[in-house]
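Biologist: I am new to reading protein structures, and I would like to learn one feature at a time. Could you show me the structure and start with a helix?

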Amino acid sequence: MPTPTEHVARALRDITVPRTPERVARGQYLTEGLLQCFVCHSERDWTKPGAPPVPATKGAGAVWLSKPWLVAVNLTPDVETGIGRWTDDMLLRAICEGIGHDGRTLHPQMWYSSFRALPDEDAEAVVAYLRSLKPIRRSLPQTRIPEDEAKDLDVPEPLMAPVPLVTSHDVVQKGRHLALLADCAGCHTSWYTPKNPGLFGGGNLVTRGERKSYSSNLTSDPSGLAHYDENIFREVMRTGQAKGRELSPIMPWTVFKNLSDDDLNALFAYLGAVTPAKHVIDNIDAPSACTICGGVHPLGKYNRPRQRTLVNYHIEMVESGSARIGLMTDSGFAR
Ligand code: HEC
Ligand code: HEC
């Protein structure tokens, strides 16, 4: 078993990404939308709805709020403090394969395991866009991962084959790809509770510094988004308002608002196709014990799995049109 210090990083290639206006525009759409790069690589203005990047630091890096040793680098082309001296392939390898410009294994808070699914053309578009930014001089410390955390880091695997564009006209497949890139399931699945109520079943406690928010159940179950349609979904993703309530800025709608109607509709179609998870959760009530996930969260006490007699199992199947109802555990899902 290789340890994170002995990863197999692939050799760097001597390549230059084409910087055509089309590439730059595509890169901007991805960077400032689905991929949320500047949500992490900027200081955020927490006084504004959705906590957008502070303009003077946009893309110019930030120290991770709850981990002062973790630094999301300055991604502007400044030669002293940004990516100005790094090669295109150093950036591609960092973004999609988790190996830093200096050959170090990156911390998983950089979502390289999701960005790994980026088609080559899109990854190159992101690099072309970063190169087009106005350089901002902003010196930040370097990441120093403490030893006890470093030994537990995932070992990233190099990408050895080209990643082609997703050309499927199947809207659910398209939405699945978009959701993977945006890591929606990373936040919206209860990965750390004793039981996992299901992919997109919500309940993960996401923290940013002192701010905390429990993620919502995004499945089509009545305890999830059964009351949504495409229009409501687009509205929530663009305004951060759900049922008259302002969502926590931990939900990155400040960049999802830039997604096209087509992309948002595809995401919604995919969520509708995910196996419904029964798991009531919100952020208004006081936390209470939940028998479905085994954790403690708002509305937890209302989650009482029904007795599975043959009779009500049948009714459930009719209600949801699916025979795949049931409690799922971690091992049932590939991420
Ligand atoms: C959820 C937060 C988050 C998102 C989203 C994110 N990053 Fe990062 N990124 C980080 C953190 C934190 C680090 C530092 C990791 C480390 O030093 O171990 C990092 C590191 C990097 C590095 C490596 C720097 C080096 O030392 O070589 C690059 C390049 C990078 N990010 C680019 C991007 C781009 C481009 C995007 C969007 C496609 C992006 N990041 C999205 C948090 C994020
Ligand atoms: C960084 C973590 C994070 C990511 C990534 C994320 N979300 Fe969220 N999302 C949250 C949290 C936390 C909430 C709950 C906010 C609240 O209740 O105030 C939320 C709420 C929502 C809601 C509102 C649901 C309701 O209660 O009515 C929708 C819709 C949503 N997210 C969709 C998505 C989609 C689609 C993606 C991927 C494109 C995504 N989210 C990615 C953290 C995240």
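Modeller: Gladly! Let us start with what lies over a helix: helix 4 (112-115) and helix 5 (120-132) are among the elements that cover the buried residues of helix 3. Keep in mind that this is a predicted model.

Biologist: Which residues of helix 3 are buried?

Modeller: They are D88, L91, L92, R93, A94, I95, C96 and E97. A residue counts as buried if 20 or more other C-beta atoms lie within 10 Å of its own. Because 8 of the 10 residues of helix 3 are buried, the helix is largely enclosed by the rest of the structure.

Biologist: Which residues make the contact?

Modeller: Helix 3 brings D88, L91, L92, I95 and C96, while helix 5 brings A123, V126, V127 and L130. Sorted by class, this contact has 8 nonpolar residues, no polar ones and 1 charged one.

Biologist: Now the backbone, please. What should I look for in phi?

Modeller: In general, most residues other than glycine have a negative phi. That gives you something to search for here: F200 is not a glycine, yet its phi is positive, near 70°. K243 is another non-glycine residue with a positive phi, near 50°.

Biologist: Where do F200 and K243 sit?

Modeller: F200 is in the loop between helix 8 (184-188) and strand 3 (205-208). K243 lies in the loop between strand 5 (241-242) and strand 6 (245-246).

Biologist: Is F200 buried or exposed? And is K243 buried or exposed?

Modeller: F200 counts as buried because it has 29 C-beta neighbours inside 10 Å. K243 has 8 other C-beta atoms within 10 Å, so K243 is exposed.

Biologist: Let us turn to the ligands. How many residues surround ligand 1?

Modeller: The shell around ligand 1 has 26 residues, and the closest are C37, C40, G100, M110 and T143. Helix 2 (37-40), strand 2 (71-72) and helix 3 (88-97) each give at least two residues to this shell. By class, there are 18 nonpolar and 8 polar residues around ligand 1, and no charged ones.

Biologist: And which residues are closest to ligand 2?

Modeller: Those are C184, C187, S216, S248 and M251, from a shell of 21 residues. Helix 7 (171-182) and helix 8 are the elements that supply two or more residues to the shell around ligand 2. Helix 8 has the largest share, with 3 residues. The classes here are 14 nonpolar, 6 polar and 1 charged.

Biologist: Can we finish with the whole chain? How many helices and strands does the protein chain have?

Modeller: It has 12 helices and 8 strands. The chain is 335 residues long, and 39% of them count as buried. Finally, among contacts between residues at least 6 apart in sequence, 61% join residues at least 24 apart.

Conventions
Residues are numbered from 1 along each chain as its sequence is written. Chains are lettered from A and ligands numbered from 1 in the order in which they are written. This is a predicted model: local features need pLDDT of at least 70, side-chain atom pairs count only at pLDDT 80 or more; totals for chains, interfaces and linings use all residues. Helices (H or I, at least four residues) and strands (E, at least two) are DSSP runs, numbered from the N terminus. A residue is buried if 20 or more other C-beta atoms lie within 10 Å of its own, exposed if 12 or fewer, and partly exposed in between; C-beta atoms are placed from the backbone. Two residues are in contact if their C-beta atoms, placed from the backbone, lie within 7 Å. A residue is near a molecule or strand if its C-beta atom, placed from the backbone, lies within 6 Å of it. Ala, Val, Leu, Ile, Met, Phe, Trp, Tyr, Cys and Pro count as nonpolar, Asp, Glu, Lys and Arg as charged, and the others, Gly among them, as polar.
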